[in-house]
Amino acid sequence: MLSAHNTRRILSTLALGSSILLTPAAASAQTLEKIKARGNVTCGVNPSLLGFSTRDAQGSWSGFDIDLCRALAAAIFNDPGKVVFTPLGTAERLQALQADKVDVLSRNTTWTFSREAALKLNFAAVTYYDGQGFLVRRAKNATSALELDGSSVCVQKGTTSELNLADYFRANNMKYQLVTLPGADEAIRAYDEGKCAVLTSDTSQLFAERLRMKAPDDHVVLPDIISKEPLGPYVRSGDNQWLSIVKWTHYAMVNAEELGISTQTINEALKSDKPDVKRLVGTAEDYGEQLGLTKDWAVRIIRHVGNYGEVFERNVGTNSQLAIPRGINSLWTNGGIQYAPPIR
Ligand SMILES: N[C@@H](CCC(=O)N[C@@H](CS)C(=O)NCC(=O)O)C(=O)O
């Protein structure tokens with residue numbers, strides 16, 4: 001027979017057991033707690049990449065990768081301004097995230113196996129499906145990358161581009177002279193000054209870099225795409241709550257576009273009786289709280305930053321300086337591969 005005392009002891013041991021089971025969840029909530037206590041999100045970004053990450057004369061940042069950071073600040077603080085941007089070069093970006101110098105890295109960085117497995121980082125979501133391409137002089141009259149046999153090629157060190165370049169030329173039995181540069185500025189300058197005949201990197205970056213040449217119209221991006229470069233934000237492994245927040249911030253923007261909710265229509269959406277809309281904007285159930293946020297988390301993102309299509313068009317789309325067609329970054333309902341899991 002169990003005495004009342006023993007029963008209490010067993011129950012409290014069980015309760016202790018369940019609180020021990022809950023400990024990992026509590027420990028994993030660290031990043032959001034730190035961000036709330038600090039009052040801002042720290043975001044590692046490209047020092048200068050037109051359309052994706054640039055700073056104006058007043059020091060204010062804008063661009064496609066910047067908007068992801070602003071969306072996080074909007075979701076957490078209802079204020080897209082509460083971000084501290086840390087410009088990071090290609091070589092130092094992943095180590096800076098590992099060393100806790102930033103909460104999130106949003107810097108045209110490709111999702112690869114080894115960056116997750118060996119570097120102990122987690123990729124959150126593909127915000128931009130890219131692929132590696134080649135920029136050449138128009139006067140060369142090349143129509144395909146297969147005509148580049150024997151060319152000198154400029155590439156930036158520490159990128160996925162370096163390895164893809166070698167694979168592509170080897171696979172097609174072509175020779176090339178490698179010109180490796182430490183930074184984007186050096187690579188652009190070397191190509192523009194004629195130190196190499198070809199510049200290679202992610203195609204989105206070639207569109208941006210072309211505009212920095214002395215005579216942009218003298219250069220063309222070849223149609224060939226030689227690799228998969230799924231770009232998007234990384235976080236450190238071990239904090240599932242923060243990983244989920246970054247992931248679902250992107251997915252909220254994609255779902256908003258799919259549901260026709262934008263900065264222009266967000267107030268109407270709050271009155272909608274469509275179940276999908278109600279779940280996204282928090283008028284039915286409380287999804288935000290499950291992430292450590294508030295029920296209007298997605299409304300804040302949409303109101304301050306916009307839906308995915310608005311972010312794409314404003315920064316890099318056909319009416320922007322870069323004039324990149326939506327292409328495979330269209331929603332799956334429009335023939336693209338941007339597809340967000342449901343909020344439910
Ligand atoms: N997506 C590729 C390439 C990313 C990358 O760093 N590209 C260079 C070439 S444009 C860049 O952004 N450089 C800017 C800099 O170093 O300031 C990767 O993750 O390795």
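Cys154 is buried in this predicted model, with a relative accessible area of 0%. Its partner is Cys196: the two form a disulfide, with their sulfur atoms 1.9 Å apart. Is Cys196 buried or exposed? Cys196 is buried, because its relative accessible area of 2% falls under the 20% cut-off.

Now look at where these two cysteines sit. Cys154 belongs to strand 9 (residues 151-156), while Cys196 lies in the loop between helix 7 (184-192) and strand 11 (198-202), so the pair ties together parts that are 42 residues apart in sequence.

How many disulfides does the structure hold? There are two. The other one joins Cys43, in strand 1 (residues 41-45), to Cys69, in helix 3, and these residues are 26 apart. Both Cys43 and Cys69 are buried. The torsion about their S-S bond is about -60°, so this disulfide is left-handed. The link of Cys154 and Cys196 is left-handed too, with -105° about the S-S bond. If you number the bonded cysteines in sequence order, the pairing reads 1-2, 3-4.

In soluble globular proteins, nonpolar side chains tend to be buried together. Here, the largest nonpolar core has 60 residues, and helix 3 (residues 64-77) gives the most to this core, with ten residues. Which residues have the most contacts inside the core? They are Trp242, Ile261 and Trp297. You can trace the surroundings of Trp242 yourself: leaving aside residues up to four places away in sequence, Trp242 touches Thr31, Ile35, Val41, Leu72, Ile76, Asp103, Val104 and Val235. A second, separate core has 14 residues, including Ala145, Leu165, Tyr168 and Leu222.

Next come the cavities. The count is two cavities of 30 Å³ or more, and the table sets them side by side.

| Cavity | Volume | Lining by class |
|---|---|---|
| Largest cavity | about 80 Å³ | five nonpolar, three polar and two charged residues |
| Second largest cavity | about 40 Å³ | four nonpolar, one polar and two charged residues |

To find the largest cavity in the structure, look for its lining residues, among them Phe64, Ser106, Thr127, His250 and Tyr308. The second largest cavity is lined by Ser48, Leu49, Leu50, Ile188, Ala208, Glu209 and Arg212.

How values were computed
Residues are numbered from 1 along each chain as its sequence is written. This is a predicted model: local features need pLDDT of at least 70, side-chain atom pairs count only at pLDDT 80 or more; totals for chains, interfaces and linings use all residues. Side-chain values use heavy atoms; hydrogens and water are left out. A nonpolar core is a set of buried Ala, Val, Leu, Ile, Met, Phe, Trp, Tyr and Cys residues joined through side-chain atoms within 4.5 Å. Buried means under 20% relative accessible area, exposed over 50%, partly exposed in between (1.4 Å probe, protein chains only). Helices (H or I, at least four residues) and strands (E, at least two) are DSSP runs, numbered from the N terminus. Contact means heavy atoms within 4.5 Å. On a 1 Å grid over the protein atoms alone, a cavity is a set of points where a 1.4 Å probe fits but cannot get out, and a pocket is an open set with protein on both sides within 12 Å along at least five of seven lines; lining residues have an atom within 4 Å of a point. Grid points are joined across faces, edges and corners, and a volume is the space filled by probe spheres set on the points. Ala, Val, Leu, Ile, Met, Phe, Trp, Tyr, Cys and Pro count as nonpolar, Asp, Glu, Lys and Arg as charged, and the others, Gly among them, as polar. A disulfide is a pair of cysteine sulfur atoms within 2.5 Å.
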